[in-house]
Amino acid sequence: MGGGLAGAPLAAAVANAGGLGTLGIATPRQLRASIEQVRERAPGRAVAVNLLMPFVHRRHVAVCVECRVDAVVLAFGEKWGLVEHLRGAGAFVFVMVGTEKQARAAVAWGADGLIAQGRQAGGHLVGTMAALDFLPHALAVPGNRPVFLAGGIATAADTSAARDAGASGVIAGTRFLLTHEANASREYQRRILQADKTIETDLFGLSWPLRHRVIPNAATRRWCGNDGKAKAFPAALNAASRPLSVLGYFDAGALMRLQSPARPFFTPLAPVAGVPDAWLDSAALYAGETALRIGELTSASEAVKTLTPR
Ligand SMILES: Cc1cc2nc3c(=O)[nH]c(=O)nc-3n(C[C@H](O)[C@H](O)[C@H](O)COP(=O)(O)O)c2cc1C
């Protein structure tokens with residue numbers, strides 16, 4: 001989970017509980033500091049970094065290589081022969097995919113493993129089918145490389161179902177967003193716990209107009225159609241803003257201040273801890289469909305236990 005939501009406290013807690021703690025994208029300097037913190041807090045455990053490709057700069061890659069991270073999860077594209085480069089530096093490289101075509105491309109890039117994402121996942125979506133429906137398609141592609149399942153994983157029973165269907169492991173986002181260690185706004189977490197639906201939209205698409213799953217708020221009620229799609233004005237603004245992603249990932253939290261449910265200007269930034277509650281009605285409240293099944297905030301170690309079949 002990028003944009004500051006999944007930092008060292010969460011990744012280290014997951015790692016110490018026996019999972020693969022994964023740091024979300026941040027500025028290269030923050031990323032380096034976070035990797036070092038995970039190493040201090042979870043000695044001897046693997047550390048993973050998610051590279052959100054539309055915003056990745058070569059400096060992010062240099063940090064992963066110099067810090068010798070154990071695993072990298074590439075999502076939403078590839079460039080510069082990155083998979084081979086990272087593997088050459090000793091990282092285990094996962095690529096997240098949502099279609100068979102993407103799975104074949106990932107294998108051609110040299111991926112060590114795939115993450116098969118289902119459409120019920122929170123955040124940005126490559127997934128086009130329900131996770132367990134897509135899994136056999138993904139499993140057919142990579143030979144004996146591991147395939148992990150993402151989307152709809154909130155309990156040990158979900159993990160067992162994924163494993164029984166052939167997944168080597170599971171990836172969870174929303175379950176870990178709802179932990180004390182996630183750096184999310186408390187009001188954001190509270191709204192997810194109370195949500196009675198999620199929607200697939202492209203509204204929060206300034207610089208990155210890719211489909212994403214959120215819970216509704218005033219912005220989606222004002223600017224999305226019944227099918228969740230952004231209305232013409234914000235959709236056109238998002239499409240025109242696509243070239244802005246060349247700026248790469250930078251700390252753009254202040255931009256959220258400019259957002260309002262009344263203006264069709266919506267960045268992909270998520271509300272991190274400490275933002276004013278008033279911003280929640282104009283920000284992307286990413287969450288997967290498991291939000292409807294998760295009843296409380298827990299510690300990350302409790303979440304890992306909840307996900308682990310006995
Ligand atoms: C708040 C949030 C932020 C996310 N940010 C990212 C991200 O930065 N990079 C990425 O590859 N996936 C991101 N995802 C998607 C996850 O990788 C994963 O596919 C998804 O959370 C799995 O579905 P689940 O939410 O049902 O567990 C995010 C998901 C959530 C809920």
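Helix axes are lines fitted to C-alpha atoms over the stretch in contact, and the angles between them run from 0 to 180 degrees between N-to-C directions. In this predicted model, the axes of helix H1 (residues 8-16) and helix H2 (residues 28-41) come within 9 Å of one another and cross at roughly 35°, and the crossing by which H1 passes H2 is right-handed.

The strands form an open sheet of seven, paired in parallel and arranged in the order S1-S2-S3-S4-S5-S7-S8. Strand S1 (22-23) and strand S8 (169-171) each have a single partner strand, so one side of each is left without a neighbour in the sheet. For S1, parallel pairing with strand S2 (residues 48-52) runs over two bridges, and threonine 22 stands opposite alanine 48 in S2. Helix H6 (residues 131-139) packs on the sheet, where it touches strand S4 (92-97), strand S5 (113-117) and strand S7 (147-150), and the direction of H6 makes about 160° with that of S7.

The ligand is surrounded by 21 residues, of which the closest are Gly2, Asn50, Gly152, Gly173 and Thr174.

| Residue | Protein atom | Distance to a ligand oxygen atom |
|---|---|---|
| Glutamine 117 | side-chain N or O atom | 3.0 Å |
| Glycine 122 | backbone N or O atom | 3.1 Å |
| Glycine 173 | polar backbone atom | 2.8 Å |

Key
Residues are numbered from 1 along each chain as its sequence is written. This is a predicted model: local features need pLDDT of at least 70, side-chain atom pairs count only at pLDDT 80 or more; totals for chains, interfaces and linings use all residues. Side-chain values use heavy atoms; hydrogens and water are left out. Helices (H or I, at least four residues) and strands (E, at least two) are DSSP runs, numbered from the N terminus. A crossing is left-handed if the near helix is turned anticlockwise from the far one by less than a right angle, and right-handed if clockwise. Two strands pair if DSSP finds at least two bridges between them. Contact means heavy atoms within 4.5 Å. A residue is near a molecule or strand if one of its heavy atoms lies within 4 Å of it. A polar contact is a pair of N or O atoms within 3.5 Å; within protein, one must be able to donate a hydrogen and the other to accept it, and residues adjacent in sequence count only if both atoms are side-chain atoms.
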